[in-house]
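Dear colleague,

Please find the structure for your review below.

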Amino acid sequence: MSLDLVFLGPPGAGKGTQAKTCAERHGLSHVSTGDLFRQNLKEETPVGLMARGFMDKGLLVPDEVACQMVRECLEGEGDTEGFILDGFPRTIAQAETLDGDLSRMQRPLTAVVSFEIADGMLTERLTGRLTCRDCSTPFHVAFNPPEQEGVCDACAGELCTRDDDTEQAVGARLSEYRDKSAPLLDFYETRGLLCGVDAAQPVDGVSAALERALEDR
Ligand code: ADP
Ligand code: ADP
Ligand code: ZN
């Protein structure tokens, strides 16, 4: 049986940080729609160019675009033990499309992990975030600093601040989350898939809680 997971939570909750290590530990593919959009933007593909305006403002990219991108990713998936969807789905419509795609593939979700954290902690996490230009690993100036300033521990790539980690775009992203993504908690709870993880503790504590939650499944 494959381990097919969705990581759900507000921007800055630590989904990307945990997805990187969890995917490595369990041999899963890590599908981050944010990273995919940023990659498309860097390569100036049609998807990247259309997504840019939304991302810069902290708004969600239209559902069809996100769904199509994830569909291609899942269909092209190689030989892995499963997947982590990080930052997808973000709306009920995306969740319903994903449901349809996964039933066609006869691959139901194993669990949806909810990263639980108070809003008040998110701005500081996001405005202090440093992201690797090459492998997207997130660091934090104070909470999770790289060994060498400005350099990625994982690949020695250059660390930079994302264009949408400004206080203004962060405000818009939090409000998009509350309006459009938070209803997914009920959606997955109703389906018996939701498991909560306390995301307010240090990185290692969250990793341990995540492992316990997955073992319980
Ligand atoms: P964070 O993890 O900090 O919340 P992401 O890297 O996941 O941010 O996403 C960055 C931006 O990419 C979002 O603000 C949005 O514009 C776009 N995006 C990412 N995933 C989706 C999605 N599933 N649906 C629509 N837009 C998305
Ligand atoms: P998300 O993908 O949910 O938007 P990230 O994994 O990118 O979140 O983390 C957001 C920021 O918070 C990054 O700067 C990261 O280094 C930092 N961070 C992640 N997990 C923790 C944690 N448990 N405690 C403190 N800071 C964290
Ligand atoms: Zn890197």
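**The zinc site**

The arrangement around the zinc ion (ligand 3) is tetrahedral because its four donor atoms subtend angles of 99 to 114 degrees; four donors count as tetrahedral if all angles lie between 85 and 135 degrees. Ideal angles for four tetrahedral donors are 109.5 degrees. The model is predicted: local features need pLDDT of at least 70 and side-chain atom pairs count only at pLDDT 80 or more, while totals for chains, interfaces and linings use all residues. Residues are numbered from 1 along each chain as its sequence is written, chains are lettered from A and ligands numbered from 1 in the order written, and side-chain values use heavy atoms, without hydrogens and water.

The protein donors (N, O and S atoms within 2.8 Å of the metal, or 3.2 Å for Na, K and Ca) are the SG atoms of C132, C135, C152 and C155, at 2.3 to 2.4 Å from the zinc ion. Their spacing in sequence is C-x2-C-x16-C-x2-C.

**The site of ligand 1**

- R129: a polar side-chain atom lies 2.8 Å from an oxygen atom of ligand 1.
- Q94: a polar side-chain atom is 2.9 Å from a nitrogen atom of ligand 1.
- V61: a polar backbone atom is 3.0 Å from a nitrogen atom of ligand 1.

Yours sincerely

Conventions
Tetrahedral: all angles 85-135°; square planar, octahedral: opposite > 155°, others 65-115°. Polar contact = N/O pair within 3.5 Å; in protein donor to acceptor, adjacent residues only side chain to side chain.
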